[in-house]
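Trainee: I have a new model on my screen and I'd like to learn how to read it. Can we go through it together?

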Amino acid sequence: MDINVDIIFKIAAIGIIIAVLAQVLIRAGREDQAMMTALAGIIVVLMIIIEMVSSFFDTVKTLFEL
Amino acid sequence: MDIFKIAIIGISGTLLAGILKEQKKEYALYVGLATVIVIFSMIIKQLSAIFDFFRIWQQDMSYGEFYVPVILKILGVAYIADFTSQICKDAGENAIGGKVEMAGKVMVFYLAIPVMTSIMELINTLLPG
């Protein structure tokens, strides 16, 4: 999962989209929905990051025989 | 192992983190973490080749079986401690990063104790009287 490079761009894209969406929603007067989308974005990115970190730690564990 | 690919990934990750730093601070941290992990996963092949060399080297030496695993373990602990402390410092949490670093040092020292005891015994046998 962590080998391909496009994960970095995926996370950056999510961040940018969430930032833009939050601005648009705030301008439209829906602050609560802006907060919701911000939370959703963070949850999605956290899922990806946690899965990457766990596979990274497994690789290090097997590599260094820790 | 093309270093240029790694350099490009590092630079692009830095730029993306820079873009994201204004609106959303935490996303810069996520992009940084993802870049670090991707770069490390690119050098795993070479790293395992180096460790295979260590294992071959281990058979040649008479006392190799005792020392080489310790070296590998210390390398792993030092790398993970350094990785975590730099990520924490990158996020601005210097205190946590410092503590992780200190814990890493203690772990490395703990792993080095058997090596030091065997060196002590060697010295005692060498010194006369």
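**Reading the model step by step**

Mentor: Let's begin with one residue: A:Glu65 counts as partly exposed, at 32% relative accessibility. Keep in mind that this is a predicted model.

Trainee: Where does A:Glu65 lie in chain A?

Mentor: A:Glu65 sits in the segment after α2, the helix that covers 31-64. Look at its backbone too: phi of A:Glu65 is near 50°, a positive value in a residue other than glycine.

Trainee: Now let's zoom out. How many helices and strands does chain A have?

Mentor: Chain A has 2 helices and 0 strands. Its radius of gyration is 16 Å, well over the 11 Å that the globule rule gives for 66 residues, so chain A is more spread out than a compact globule. You can check that against the box its C-alpha atoms fill, roughly 55 × 20 × 10 Å along the principal axes.

Trainee: What share of the residues in chain A is buried?

Mentor: Buried residues make up 38% of the 66. As for the accessible surface of chain A, that comes to about 3,900 Å², with 74% belonging to carbon and sulfur atoms.

Trainee: And the charges? How many positive and negative side chains does chain A have?

Mentor: Count 4 positive and 7 negative side chains in chain A, with the centres of the two sets 11 Å apart.

Trainee: Last topic: how do I read the interface?

Mentor: The size of an interface is often given as the accessible area lost when the parts come together. Here, chain A and chain B bury about 2,800 Å² between them, and 83% of that is on carbon and sulfur atoms. On the chain B side, B:Tyr27, B:Tyr30 and B:Ile37 lose the most area to chain A, together 22% of what that side buries.

Definitions and conventions: Residues numbered from 1 in each chain as written. Chains lettered and ligands numbered in written order. Predicted model: local features only at pLDDT ≥ 70, side-chain atom pairs only at ≥ 80, totals over all residues. Heavy atoms only, no water. Helix = DSSP H or I, 4+ residues; strand = E, 2+ residues; numbered from the N terminus. Rg over C-alpha atoms; globule rule 2.2 N^0.38 Å. Buried < 20%, exposed > 50% of the residue type's maximum accessible area, 1.4 Å probe, protein only. Areas by Shrake-Rupley, 256 points an atom, 1.4 Å probe, with all protein chains shown as cover. Lys, Arg positive; Asp, Glu negative; His and termini not counted. Charge placed at Lys NZ, Arg CZ, Asp CG, Glu CD. Buried area = accessible area lost by both parts, 1.4 Å probe.
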